[in-house]
Amino acid sequence: MGKSKSRSKSRGSEAKPRGGRRGLWSGTISFGLVTVPVELFSVVRSTGVRLRMLTEDGVPLERRYFCSKDGRELSRDEIVRGFETDDGTLVPIEDEELSQALPRKSRDMDLSRFVALDEVDPFRFENAYALVPSGQSTKAYRLLAETLERDRRVGIATFVMRDKEHLVAIFGRDGRLWAETLRYRGGVRSADDVGLPARNGVARPAVERLIATLRAMESPTIEPDELVDERTRALEQLVAAKREAGRDILEVPGAKRSSREPARREDGDGSGAAGDGRDLFRVLRGRLERSGNGRDQSAKNGGSAKNGGSAKNGGSAKGDGEALESLPKAELYRRASELGVEGRSSMKKAELVEALRQRASS
């Protein structure tokens with residue numbers, strides 16, 4: 001069997017870099033005679049600490065492929081992909097055959113239907129994205145976002161990104177458009193698949209007693225500071241303490257990383273393009289302020305979104321405080337290290353923010 005040397009490449013609808021921000025996809029949302037040009041940005045990222053595999057001397061390990069038959073290391077040109085069937089047989093798939101099975105490229109999210117928000121099963125949500133306006137006018141964007149939000153409806157559409165067709169739910173929130181890719185049929189296991197017991201009746205008095213207990217423990221909101229990965233925080237503090245003490249530090253040959261911020265995993269879509277959340281909202285805010293209303297409102301408030309504040313609200317100090325709150329803890333620690341903040345390795349995020357504010361005001 002001949003092997004194909006070519007590799008399939010991403011084509012067509014991926015967004016080009018613009019102004020330092022690169023969307024994962026660009027195109028238009030369309031339904032009826034309405035078209036809304038948008039760019040797609042991921043709004044989620046992994047927060048765990050990535051640990052490299054090393055030798056005892058600190059040399060990073062590499063992943064290589066070896067033939068299980070003769071133990072020979074293989075080059076990429078010698079590797080083909082295959083599909084393993086239920087009976088254990090393998091069916092090789094050539095690159096040309098795989099390319100023929102790829103969906104047709106399109107720059108459209110064609111909204112085929114609108115359904116009530118409550119009708120979308122949350123178990124089908126896969127990855128979250130922001131839809132940022134990319135045209136010169138944001139009127140259609142604002143209208144669609146406001147309408148979907150007020151009517152509590154979502155638009156269901158399909159689009160192609162990176163050679164894969166995605167099913168997506170588009171909804172409005174806070175005057176902006178957001179999207180959640182949905183898992184296809186078969187992507188969510190049923191209750192029978194995972195062995196959940198059948199639903200049986202429960203005595204009403206027992207239910208009412210438990211309801212009373214739940215209400216006694218009720219909280220109006222979930223505070224962001226409560227959503228903390230304790231293992232990640234412990235590892236970050238351990239790494240920071242070792243670096244500060246100069247203990248157990250290994251120099252990686254050829255390493256060029258200069259940032260003190262720990263390496264993060266890539267986003268769920270594998271792009272790593274989401275970046276800092278505050279940067280994404282700066283893009284959203286800036287695009288929406290392109291329209292005349294946005295510019296007039298910005299001037300009325302006494303400053304632009306980019307400045308993060310105005311003379312009326314106390315200049316940039318307030319904007320700086322809000323920016324600190326939105327920064328990841330690793331970046332806050334890096335800044336605290338540069339300023340020589342004492343005790344920073346044991347501080348929580350809120351404590352680092354407060355320490356940096358005090359240093360800025362002194």
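W25 and F159 are both buried (under 20% relative accessible area with a 1.4 Å probe, protein chains only; exposed is over 50% and partly exposed lies in between). The structure is a predicted model, in which local features need pLDDT of at least 70 and side-chain atom pairs count only at pLDDT 80 or more, whereas totals for chains, interfaces and linings use all residues. Residues are numbered from 1 along each chain as its sequence is written, and side-chain values use heavy atoms, without hydrogens and water.

Two aromatic pairs are present (ring centres within 6.5 Å, with the six-membered ring taken for Trp; planes under 30 degrees apart are stacked, over 60 edge-to-face, and the rest tilted). W25 and F159 are edge-to-face, at 5.2 Å centre to centre and 65° between the planes. F31 and F114 form an edge-to-face pair as well, at 5.5 Å and 75°. F31 is partly exposed, with a relative accessible area of 23%, and F114 is partly exposed at 35%.

In helix α2, residues 139-151 (a DSSP run of H or I, at least four residues, numbered from the N terminus), the buried residues are Y141, L144, A145 and L148. These fall within an arc of 95° seen down the axis, so they line one face of the helix (directions from the helix axis to the C-beta atoms). The face turned away from the buried side carries the exposed residues K139, L143 and R150.

Definitions and conventions. Helices (H or I, at least four residues) and strands (E, at least two) are DSSP runs, numbered from the N terminus. The expected span of a helix is 1.5 Å times one less than its number of residues.
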